[in-house]
Amino acid sequence: MTARVEVEGRRIELSNPDKVLYPDDGYRKRDVAEYFRSVAAVLVAHARGKPMTLRRFPDGIGSAGFFQKEASNHFPDWVRVAAVPQRGAPGAVHHVVVDDAATLLYLAGQACLEFHIGLSTVDDLDLPVLAVLDLDPPDGVELSELRDVVRLGCERFRDAGLSPHVQATGGRGFHIAAPLRGDRGFDEVRAAIRELAEAMARDEPDRLTVEQRKDKRGDRIFLDTNRNAYGQTMIAPYSLRARPGAPAATPFDLDELGRVTPQSYGLANMARRLAQKDDPWADLEDARSGSDFPHPGKPG
């Protein structure tokens with residue numbers, strides 16, 4: 001059994017549309033495809049031009065899924081693919097680039113639930129256009145405490161000359177992201193964000209850490225700067241997550257923080273949110289021209 005989805009003049013064949021991908025919730029492949037159709041305009045705006053890593057679940061989230069970087073040979077020729085050279089290894093990985101709604105819907109039909117974007121564009125892979133601080137809480141952290149750390153992180157970003165943009169990850173925590181002008185390399189950006197995070201952890205060592213080893217973090221919130229490296233990714237705004245309830249990564253305004261949890265929005269209610277509220281990250285490109293980041297060794 002197949003279903004057809006018409007988008008941007010292309011006819012997407014949706015095989016097994018009634019295949020259940022979220023067994024606890026009963027959400028089928030056709031529900032996932034309709035979700036991605038409803039968020040296509042905003043998701044594609046943030047994904048356009050960036051190498052994409054896919055996380056696919058052909059048998060639903062109750063079974064093992066897989067991450068996919070190399071585009072499949074059977075993908076249609078109208079799906080854009082870009083070669084991304086590997087560092088420290090020969091050759092390149094051929095990533096999908098989601099530049100349009102048709103590509104997004106086609107990949108949804110391939111049981112792709114999570115879309116992870118690179119922090120640079122395929123036009124200049126060595127120069128990131130986003131910096132990201134991932135707030136990863138351990139079990140048992142109060143939501144009020146996590147929200148306080150989001151506010152603190154946004155303050156530190158602003159003090160450093162960055163324009164903080166926050167999203168609920170749809171997982172355990174939050175991301176603080178900032179647009180960059182794209183004139184600094186990954187190593188410099190990562191060192192700067194690492195310095196910012198280390199300063200936060202020094203000021204509040206009882207609740208914040210930059211310790212890489214989980215067994216040394218204790219009950220502290222991990223300030224993860226590892227995404228700011230060549231070839232790394234972040235969850236795309238408005239992507240679903242492969243978790244019960246089908247939550248989604250959700251950009252929000254800081255004045256919403258007191259009402260938002262990491263999994264407030266998703267397949268069940270994102271369309272309603274977007275009907276009532278414009279994308280809080282819509283100004284990301286405009287903010288990019290005025291953003292900078294702290295140089296290593298200089299006060300932040």
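Which domains does the domain assignment of the protein chain give? The assignment gives domain 1 (2–119 + 232–279) and domain 2 (128–228), with bounds that come from an automatic or database domain assignment.

The model is predicted: local features need pLDDT of at least 70, side-chain atom pairs count only at pLDDT 80 or more, and totals for chains, interfaces and linings use all residues. Residues are numbered from 1 along each chain as its sequence is written, and side-chain values use heavy atoms, with hydrogens and water left out.

**View 1. The two domains and the contact between them.** The centres of domain 1 and domain 2, taken over C-alpha atoms, are separated by 24 Å. Their contact (heavy atoms within 4.5 Å) takes 24 residues from domain 1 and 26 residues from domain 2.

**View 2. The largest nonpolar core, with F36 and F115.** A nonpolar core is a set of buried Ala, Val, Leu, Ile, Met, Phe, Trp, Tyr and Cys residues joined through side-chain atoms within 4.5 Å; buried means under 20% relative accessible area (1.4 Å probe, protein chains only). This core has 60 residues, among which F36 and F115 touch the most other members. Helix α1 (residues 29–47) provides the largest share, ten residues; helices (H or I, at least four residues) and strands (E, at least two) are DSSP runs, numbered from the N terminus. Because domain 1 and domain 2 both give residues to this core, it lies between them. Beyond its neighbours within four places in sequence, F115 has contacts that include F36, M52, L104 and M234.

View 3. Just after α2, A111 takes a positive phi of about 65°.

**View 4. The largest pocket.** On a 1 Å grid over the protein atoms alone, a pocket is an open set of points where a 1.4 Å probe fits, with protein on both sides within 12 Å along at least five of seven lines; lining residues have an atom within 4 Å of a point. The largest pocket holds about 650 Å³ of space, a volume filled by probe spheres set on the points, which are joined across faces, edges and corners. Of its 30 lining residues, D134, D136, D224, R227 and R241 are the closest to its centre. The largest share of the lining, three residues, comes from β10.

Terms used:
Buried means under 20% relative accessible area, exposed over 50%, partly exposed in between (1.4 Å probe, protein chains only).
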